[in-house]
Amino acid sequence: MKEAKINEDAFVNPFVFKTDWQTAFADDEFRKVFCSDILEEYILNKRWYGGKASTLKYIEVIDWFRIKSEKNTYYGVLLEVNFKEAFYQHYFMPVAFMAEEELDTNTIIAPVKMGKQDGFLIDALHQEDFRKLLFDKIAGSDKEDKVRFHRGKKLKDREYRSSRFMGVEQSNTSIIYNDAFVLKIFRRIYISTNPDYEISRFLTERMDFKSSPAYLGSINVTLSEGDITLGLMQDLVPNQGDAWRFMLEETDRIFDNLKNKKIKIKDLPDVPLFTRLKLNEVPHEIIDWAGLSIFQRIRTLATRTAEMHIALGSDIHDTAFTPTTYNGDYTVWLKNRLTYQFQNRLNILENNLHKLDGLALELANRFLDHKKEIRKEFLDFDWTKMKSERIRIHGDYHLGQVLVNGDDFYLLDFEGEPESTIRDRKVKQPPLKDVAGMFRSFHYAIYATIFNNSDKYPYEQEDLFRAGELLFHYFVGVFLQTYTETAQGGNLNIGYKKEIDFLLKYCLLEKAVYELGYELNSRPRWAVIPLTGIGSLMGY
């Protein structure tokens, strides 16, 4: 079904080009105007554009390719966006030229006249003909010029029937095909294969891992500098939403129970962080408060997490996925990365102190008072004491990267930490870094529940925070017991208790410091969450 027609304003002052569409991107004048006069204004408002916090300097086309259907010629355009702050980003944009009567959308890039033909430049993904073309190319494992379409072993249905966008466009654009598959088009691209593509294909085709959406196909372009992943097709898995929403609902229910069951927070028993707990070791007071089901779900999530790491660390043939030990090179990389990040967060905090008050300000000042000890924690990584192994990991593991499927979970989105370079995302790291990411996500869900429902629970915030820390300790304890049991049972070398606790503390501190920058820049009131986590880990 076609969308509403574009309004009359879109016809005002079209860009006029001598070249026709078939030779557009080979024409210097077209590329120049397209980049400077057309794109600069267009991309600033796109959700997938990641440079909003910086000042755009100029855009240039670094490469392009044609891809043709029976009716139309489309271009895949690789852009380099340069910023005045002396860095650049790469983006992928498929572009179409359509006459008004051919448009499937009212979202246009610009009105243009190409040669003697009037029409509109649009993002080609908005044309069903182009979406069908991509599906057919993947299903056929076609090669076209410098573009390689790959059909995965598990893509059995090769006939196009329908396509639609999945939800609101975010940093990538996802298209649902035949109500059965999802093609994720990567908008921000890297001159290297995307980790999401690499790991998804490896887990499906080499390890037959069942708890993430199956790899079904991909689109890669080959340049002299290396391969670039443009698209990843996977199964559309049945789900009831993500685990972040699920955990918010669960923690809201748990905090409601404080009131409904007339629970005295000060009487609830606590355990030290990282205490391993089997279900029958969780005190009955805690089970009475939180319920048994949430701990059963946490055990399932811990099992799937360990199984993911076992799969990622059990290949001895593919060097990209072979487990490796710690060494001096890794330690230098780690310390350089973390001391730079720590200094960056210190600067952000000092520049934003005026935005904080109450507990957040108190914790921020304690953080600044203990900055030497925190920095020392990052520098105290001694690789010679590490007996465990490093593997490829998820890299950005949290509740939002997990889908709820009944009583089970699917793990997804292996792109890695958004702030990291593509090279850093592929460095083998302790699998416990993912575990720490999930623990920080538990912490966030608990505190978000308190913040979002401050008028609902008849308790002082300080008491709610105390209850929240208690709950966090039990979530961590149950997860950790199941995770270590499963991981070690699958011959994943994560070390013994002392090393596990050291790595968890180290990675939790790294994650909390990482989060601090985001909160200070976007929602300073929430800076209390990572600051609380840092204070708890450092014992101040």
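Which residue lies over the face of Phe165? That is where I would like to start this morning, and the residue is Arg131, placed 5.4 Å from the ring centre. A charge is taken to sit over a ring if NZ of Lys or CZ of Arg is within 6 Å of the ring centre and within 35 degrees of the ring normal. Arg392 is placed over the face of Phe321 in this way as well, at 5.2 Å from the ring centre.

Before going on, please keep in mind that this is a predicted model, in which local features need pLDDT of at least 70 and side-chain atom pairs count only at pLDDT 80 or more, while totals for chains, interfaces and linings use all residues. Residues are numbered from 1 along each chain as its sequence is written, and side-chain values use heavy atoms, with hydrogens and water left out.

Let me turn to the aromatic rings, where the structure holds 43 aromatic pairs, a pair being rings of Phe, Tyr and Trp (its six-membered ring) with centres within 6.5 Å, called stacked if the planes are under 30 degrees apart, edge-to-face if over 60, and tilted for the rest. Phe135 and Tyr160 are edge-to-face, because their ring centres are 6.1 Å apart and their planes stand at 65°. Since Phe135 belongs to helix 2 (residues 128-139) and Tyr160 to the loop between strand 8 (147-151) and strand 9 (163-165), this pair ties together parts that are 25 residues apart in sequence; helices (H or I, at least four residues) and strands (E, at least two) are DSSP runs, numbered from the N terminus. Both partners are buried, Phe135 with a relative accessible area of 1% and Tyr160 at 12%, where buried means under 20% relative accessible area, exposed over 50%, and partly exposed in between (1.4 Å probe, protein chains only).

By contrast, Phe439 and Phe442 make a tilted pair, with centres 6.1 Å apart and planes at 35°. These two residues sit three residues apart in helix 11, so about one helical turn separates them, and Phe439 and Phe442 are both buried. One aromatic cluster is formed by Tyr326, Tyr330, Trp333, Phe342, Phe367, Phe378, Phe381, Phe502 and Tyr506.

Next, helix 14. This helix, residues 528-538, is largely enclosed by the rest of the structure, because 10 of its 11 residues are buried; among them are Val528, Pro530, Thr532, Ile534 and Met538. The cover over its buried residues includes helix 8 (358-369), helix 9 (371-379), helix 11 (432-452), helix 12 (461-489) and helix 13 (497-522). After helix 14 comes Gly539, with a positive phi near 70°.

Within helix 13 we find Ala512, which is buried with a relative accessible area of 0%. Leaving aside residues up to four places away in sequence, Ala512 touches Arg440, Pro530 and Ile534, contact meaning heavy atoms within 4.5 Å. The C-alpha atoms of Ala512 and Thr532 are separated by 9.0 Å, although the two residues are 20 apart along the chain.

Finally, the cysteines. With a disulfide defined as a pair of cysteine sulfur atoms within 2.5 Å, the count comes to zero. Cys35 is buried, at a relative accessible area of 4%, and Cys507 is buried too, at 3%.
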